[in-house]
Amino acid sequence: MPKIKFVTDSASDISAENEKKHDILVVPFKVAMGEKSYTSRVDFDNEKFYELMDSYDGIPVTSQITAFEWLEIFKELYYNDYTDVINTTINSKGSATYNNALMAAEEFYDDIPEAKGNFRIYNIDGRSYTGGYGYAVVKGAKKAEKGASAEECVNFIKDWVDNCVIFFGMYSLQYAKKSGRIPAAAAFVGEVMGLRPVSRIQHNQITTEAKVRGDKALVPKILELVAGEQIPKTPYCVVYGNDSEVRDEMAQAMTKKVGYPPADFYQIGSEVSVNAGPKVVGVIFKSQKK
């Protein structure tokens, strides 16, 4: 009888409720602020991190999950009689975490050759951030609970992350400037003019899709962009930060537009908010554009 374990990292922003309900192992990233080091989801929740970030003048730095950490996790799962490990990680171009997991899998079979054939490790590049791959992990776990095989769950997750798009808007350029994502001069001009960028995350890349003037223009613009690409009648999620009002505004606008509510909500944690800031809103969906 197969025994499947779903694993991901904390940048997936899977809620504590889904983590517990579906027995998903969420491996936390570490975040450094000066000389202080914190562990995501252990030392703070999202709201507490927003407070820490707001009071910190420097740039918080997140650490990759190392090959050694992955190796220890794989060994523990093997010795706990799991037959399949489906590990979906943060965008491989934004972190070495995925490649570290690949190296750990190779080392695992070198250390325990007898595991070959009866313990399978599927490492999947999430190709995105937050619920862009977090949703696929939760959905995959639900499928396994209904009897889907590991291969079927892996195929679902890969299909989702290969075709997933996130459009999200930032209400401030302050944090993108601090992190270096936007040059200081451009951020200054943008703030003076009230410009709000709408970014696109797809295929391991983050690009600027559009710019609007003023906070009120963000949700309508994101709605327009999603409507032009979403595969009809497919699920979508809303991503947000510290403002539940813009979360609800986005959810209501999407529900009115497509006729059904979001499949889930994803509140950004430390790994995303260090670059985007705590106030963001966006939509995660399956795109018909390759």
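Tutor: The model is a predicted one. A search of the whole structure finds 12 salt bridges. One of them pairs D84 with R120, the closest N and O atoms being 2.7 Å apart. This pair links distant parts of the chain, since D84 belongs to strand β6 (residues 84–89) and R120 to strand β7 (residues 120–125), 36 residues apart. D84 is buried because its relative accessible area is 2%, under the 20% limit; R120, at 30% relative accessibility, counts as partly exposed.

Another salt bridge joins R200 and E229, with 2.8 Å between the closest N and O atoms. R200 lies in strand β9 (residues 195–202) and E229 in the loop between α9 (218–227) and β11 (236–240), so the pair ties together parts that are 29 residues apart in sequence. Both R200 and E229 are buried. R200 and E229 also belong to a network of salt bridges that includes E209.

D243 forms a salt bridge with K279, and here the closest N and O atoms are 3.3 Å apart. D243 is found in the loop between β11 and α10 (244–258), K279 in the loop between α11 (270–276) and β13 (280–286), so that distant parts of the chain, 36 residues apart, are linked. With a relative accessible area of 17%, D243 is buried, whereas K279 counts as partly exposed at 28%.

On the surface, D45, E47, E51 and D54 gather in a patch of negative charge. Among them, D54 lies in helix α2 (residues 46–55) and counts as exposed because its relative accessibility is 55%.

Note on methods
Residues numbered from 1 in each chain as written. Predicted model: local features only at pLDDT ≥ 70, side-chain atom pairs only at ≥ 80, totals over all residues. Heavy atoms only, no water. Patch = residues over 30% accessible without salt bridge, like charges linked within 9 Å, V, L, I, M, F, W, Y side chains within 5 Å. Areas by Shrake-Rupley, 256 points an atom, 1.4 Å probe, with all protein chains shown as cover. Salt bridge = Lys/Arg side-chain N within 4 Å of Asp/Glu carboxyl O. Lys, Arg positive; Asp, Glu negative; His and termini not counted. Charge placed at Lys NZ, Arg CZ, Asp CG, Glu CD. Helix = DSSP H or I, 4+ residues; strand = E, 2+ residues; numbered from the N terminus. Buried < 20%, exposed > 50% of the residue type's maximum accessible area, 1.4 Å probe, protein only.
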